[in-house]
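Work through the exercises below with the sequence and the model open. Each task is followed by a stepwise solution.

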Amino acid sequence: MDASVLDAAIKAAVMLSDPLRLSFLGLGVLIGLVLGVIPGLGGLVGLSLLLPFTFTMDPYTALAFMMGLSSVVVTSDTIPAVLFGVPGTVGSAATILDGYPMARKGEAGRAFGAAFTSSIIGGLYGAMLLALSVPIIRPIILQITSPELLAICIFGLSLVAVLSGSTPLKGLAAACIGLLVATAGDDPQTGTLRWTFDSLYLYDGLPVVPLALGLFAVPEIADMVITRQTISGNADAGSRWSQWQGVKDVFRNKFLVFRCATIGTCLGAIPGIGASVIDWIAYGHAVRSIKDSGKTFGKGDVRGVIASESSNNAKEGGALLPTIAFGVPGSASMALILGAFLIHGLEPGPKMLTERLDITYTLVWSVALANILGGGLCFLFANQLAKIALVRIGILAPVVLAVTFIGAYQGSNAWGDIYALLIFGFIGWVMKRLRWPRPPLILGFVLGGLVERYMFISVERYDWEWLWIFREGKFTPWVSIIFAMTLYGVLRPIIKGYMERAKSGGSNKYSIKFRRENLDPNMYFSFGVVATFATCIYLSWGWEFGARLVPHVIAYAGILFTGGLIFSDLFVVPPSKFAAVEGEEGTAAAVEEARGTTTGDAFKAEQEEVHFDIQADYGDLDVKTISIRAARYFGWLAAFFATGSVIGLLPSMFLFLVGYMRFEGKESWKVTLYIAVPMWICSYLLFHTLLLVQWPQTVLGDFFPELRSIEWANLF
Amino acid sequence: MIGRISAIFVGGLVVLLALSPSPGASAQGLGDFYKNKTITIYIGYGFGGTYGKYSRTMAEHLPKFIAGNPKIIVKSQPGAGGIKMTNYAYKAMPKGGYHWLVPPDTIVVSEILRPNKVKYRAKEFTWLGSTNQTNTIFVLRTDSGISKWQDMKKTRVIIGNTGPGSTSFLIPRMAKMMLGLKIKQVSGYKGSSKTILAMEQGEHQGTGFNWLAWSSKVPHWFKKDKNGKIFAKAILQTGVWKDPALPNVPMMRDLVADKHKPIIAFMATLGIIGRGLALPPGAPKKIVAPLRAAFAKMVKDPVYIAAAKKRRLRVLPTSGADIQDFVIKAYANANPKVVAAARKMIFGK
C-alpha cells in the first residue's frame, strides 16, 4: 500500500470521525437493523426511501448514512431466521437450516452469539479485503466475463450434490424444479413469454422473496401450529452465557469464518451473481469441507450458522468493488448507492481508485464501523429477542404469518406474490414432511436464470471456444480452473464412498425386488413431480428452439432423476445392510430379516440419515391429527388471501390477526386486541404511510373506485 | 339606439373576455381543484434509475406551479419494462386527476411490436409534457475500427443487448437491416450497467442506450485519456430531434430508404416521450391545459433545472401537445403493413 493510499485512508477516517457523520451512520445502522428483521423488507427498500434525504448532505455523510443502512440488514435478518425459521432477507435463507433447529433446542442465544460475531468478523473482513483490493480490482473484474460467470454458476449448482445429503435423486429432482421455475418470464434470447399464463406477474420471472418465504417460513409456522408448542421451552434460551458460547464457537471455527467471508467478498464483488446465492455456496462449502457434517448439519450445528452469516455480511464489502471501479452495481442496493454517487458529483470509475480514494475509503470505514455497531446493538437486545421463543403459539403464529404475508407482497407488489407464497408454502411443507431437501430447489432457482443467461451469451459470442484456455488468442484459464474444482468436488465423495464400501467388505451389488409397501405419499409426490415435468414439456413444445432448449433439458433431467427415485424406491434393495448381515450372520433367515427391514422405515431412516434440511418432528401426534391441523392452518391462509382479495390485504391482515388469535389460538379478547390493534397500526404506518406501498386491486376498490382517490384510504 | 346598445354590450363582452384569465394559458384555471390534495405519480421502474430520479425531482418542483400547491408523492410499480404499471394506469388508475403516470418511453413501441402483452392504448393517455429527450445512441468502441456508421458495411462488429424488446436490441437491429450493416447481436445482458461492463471487457463492441445512460455511467469513455485516445464514440442516433449534446451524430431517419421511414417514425417516439408525465384516459379535460402550462413553466424554471443538474439529470423539454401529436402520427403511420414489415425485420416473424 503506497503512501497516497494510506493518506487517503487516514483522511477518510478523520472525515468520518466527525460527530454528525457518526450520528448519521448510527441512524442508518438503526434503520437497517429494523428493516432486516421484517421479512420482505431489506436494504433496497430503506435506501429507496432515504435517497432523497441524502441530497442535502455532504458526500461523506451521505455515503456513511447509506452504507450504515445497507451493511447491517444482513446482521439483523438472522433474528427471524433463527427464531421462526423465516428468512429476514433472502441472504439469510441458509441460516435457517441450523439456526432454527438451535432455537428449538433452546440454543437461540448461542445461535445469536455465533451469528452476530460471524457477521461482525465477516463484515470487517469484507471491508478489509475491499480496502486491500482497491488498487488492483479493475484488471481482475475485467477478466470475469460471461464464460467465467457461467463456470462460477455451474460450480454453485454442483453444490446441489452436497446439499442433497444421502438422497441425491431427490436433491437433483428438487434442483430441477427450481431450475425450471427460474426459466419463467420473458426469455432474454427469443422474447418468448415462458410459463407466464397470460399474466404480467411472471414477465420478469418469479421474485425470490415469496419463493423463499413460501419454501421456508410457511412450513415452519405450519409445524409450530400443528405441534402447538412454543418454539422453545427453555427459559434460558437467550442468556448472556449462551450468547458467549456462540462467540466462543466462532473463535473455535475461525478458519471456517475466514473461508466463508472470502467466498462472500469474492462472489459479492462479481456483478451478476447475487446475494441470494452466496449464503448457500458458503453453506455448501462448509458441508463439503467439514468432516462428518452429514451427522449434525441441518439439525442445529452452530457451524452452519457461522458459515452462512460470515459470508452474507462480507459480501457488502465485495459488492462495493464493481460499484466503485466500474459504476456497475454489485447488488440491487448498490444501484441506489451509485445513484447517490452521481448526485454528489462523484464519477464511479478509475478516478475513484486514484483521485477520489478518500471517498472510497470513507465507504470502507463506513462498512467496518456499521458492522461493529450493528452487531453490538444486536448483542445488546439478543437476550430480550430470544424470549420471543417462549411466546404462546396462538399469538406468535398469526403475528409472524401476517408479517410474512405482507413481506411476500413486497416481492413485486402483486397478487402473484401471495399466490407464489401459498403455492410454494404448500410445496415446501410437503417436501419437508416427505424429507425432500429444500435447499437444492432454492439453489436451482437462484442459479437457474443465471446459468441459462450466461450459457447463451458465452456460446453465441465465443461458440465452443468459451470452454478453452485460449479465447481469441488470449490466455483465459479461469473457466478450466473453476470446472476442475467443480469436478473434483463432485467426483471425490462418489469415488471415496465406493472405495470405502469396497474396503469395508460391503458389496456394491444391488438386488431387485418389488416393494409394494413403498407405495406411500412419498411415492405419490414423486409421481406428481414426474407429471409436472411432463406437463412442462407438453406446454413448451411449440416454443422457439432457443426458448425451449433449456426448459426441455431440465424437464427431461427431472423426469430421469425422479423416475430413478421411483424405480429405486419401488424395486431396488440397496447392498450395504444386506451384505453386512450376510457377512456377519451368514444365515438365510438373517439375510431375509435384513431385507425385510430395509424395505420399511428402518431402511429409510438409514438411507436418509444425511439430510441438510430441517426435519419435521410431530412427536406422538397421529396422522389424522396432523392432517386436520394442517388443513385448518392452510384454511386460515386461504381465508387471509380470500378476504384480502375482497377488502384489501392490509384490512384483511387485521381480521386475520383477530380471528386467528381469538378463535384458533383461543386467546382472550383483551390479549387479542392488545396485540392486533397496535400491530396493525404499526403496519399501516410503515407500509402505507412511510413506504407508500401500492396495494393490490380488490373487489371493494372496483365497486367504490373513489376510495382509491383518498390517500389514507387507498388500501383497495 | 338598439344597435348602439348592442355594440356597447358586445364591446364590453370582448373587454371582459380579454381581461378574464384564460384557463388554457394559466395554472389559475384549476381553481381549488388541487387545494389540500395529494397527487400520486406512478412509475413502472424502481427508484434507482432515471424514472425514479426524474419523477422525484418533478414531484418536488411541480407543486409550486399548480394552483392550490398540492402535495405530490411517487409510487413505484415495477415490472415487465413498465408495461405492468401502464396496464394498471389504463385499466384501473383513478381518473379524478389526482393520479398520474410517468409513461415508459417504450409505451408506443411496445404496443405496436408486442401487442399481446399490453392492455392499453397509448394514444388515449394525455401527455402533460416531457422533461428529457431519450434518443437512442448507438455507441461503439473505437478499437473496433469503426469511426462512422458506413465502416460497419465492411467491418463486422459484435453488439450486446439486454433482450429482444429493448432499445439496445431494436436500434442496432434496425441499423443492420435498414442500412445493410455487418452486425452480430449477442442478447441477454442483465440491464444497461452490465451490458456496458461487458463492452468494457471486450466481450462485445457496442450497443444502444440513451445519452443520459452513457454520459452518467461512463463519461470518461468519451474524453481523451492520457495517451490522447478516446475509448468509445457515438455513431448513430434515433429520435425525433437530434440530441443537442450530439449535433454531429447522424440521425437514422436521414439515412434510411423512404420505405423504412414509417417504421423509424414510431420508433422515434422513444426519444420524444423520454421522461415525462401523463394523465390516464378519462381524466377531467378541464385540468389538461392548466397542467400542461404548469409543466411548461416548471421545465423553464432555473431552480428546477439546477436541481435536475445536481442530480445529474438533463432537462430537454417537450410540450405535452407536441408529444400527443407525435404519438397520434406514429399510430397513423403504423398501418398493419408497416407493423408487419417492422416485426419481420426485427423479430424475423
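**Exercise 1.** State which residues of α13(A) are buried and what covers them.

Step 1. In this predicted model, buried means under 20% relative accessible area, exposed over 50% and partly exposed in between, with a 1.4 Å probe and protein chains only. The buried residues of α13(A) are A:Leu256, A:Val257, A:Cys260, A:Ala261, A:Ile263, A:Gly264, A:Thr265, A:Leu267, A:Gly268 and A:Ala269.

Step 2. Among the elements that cover them are α7 (108-133), α8, α9, α12 (240-252), α14 (275-289) and α16 (302-326) of chain A.

**Exercise 2.** Compare the span of α13(A) with the expected span.

Step 1. The expected span is 1.5 Å times one less than the number of residues.

Step 2. Helix α13 of chain A, residues 254-269, has 16 residues and reaches 22 Å from first to last C-alpha, close to the expected 22 Å.

**Exercise 3.** Describe the interface of chain A and chain B.

Step 1. With contact taken as heavy atoms within 4.5 Å, 56 residues of chain A touch 51 residues of chain B.

Step 2. Find the salt bridge (Lys or Arg side-chain nitrogen within 4 Å of an Asp or Glu carboxyl oxygen). The rule gives one across the interface: A:Arg138 with B:Glu200, closest N and O atoms 2.6 Å apart.

Step 3. List the elements of chain A giving two or more residues to this side: α3 (43-50), α8 (137-143), α9 (146-163), α17 (332-343) and α21 (439-462). The largest share, five residues, comes from α21(A).

Residues are numbered from 1 along each chain as its sequence is written, and chains are lettered from A in the order written. Local features need pLDDT of at least 70, side-chain atom pairs count only at pLDDT 80 or more, and interface totals use all residues; side-chain values use heavy atoms, without hydrogens and water.

How values were computed:
Helix = DSSP H or I, 4+ residues; strand = E, 2+ residues; numbered from the N terminus.
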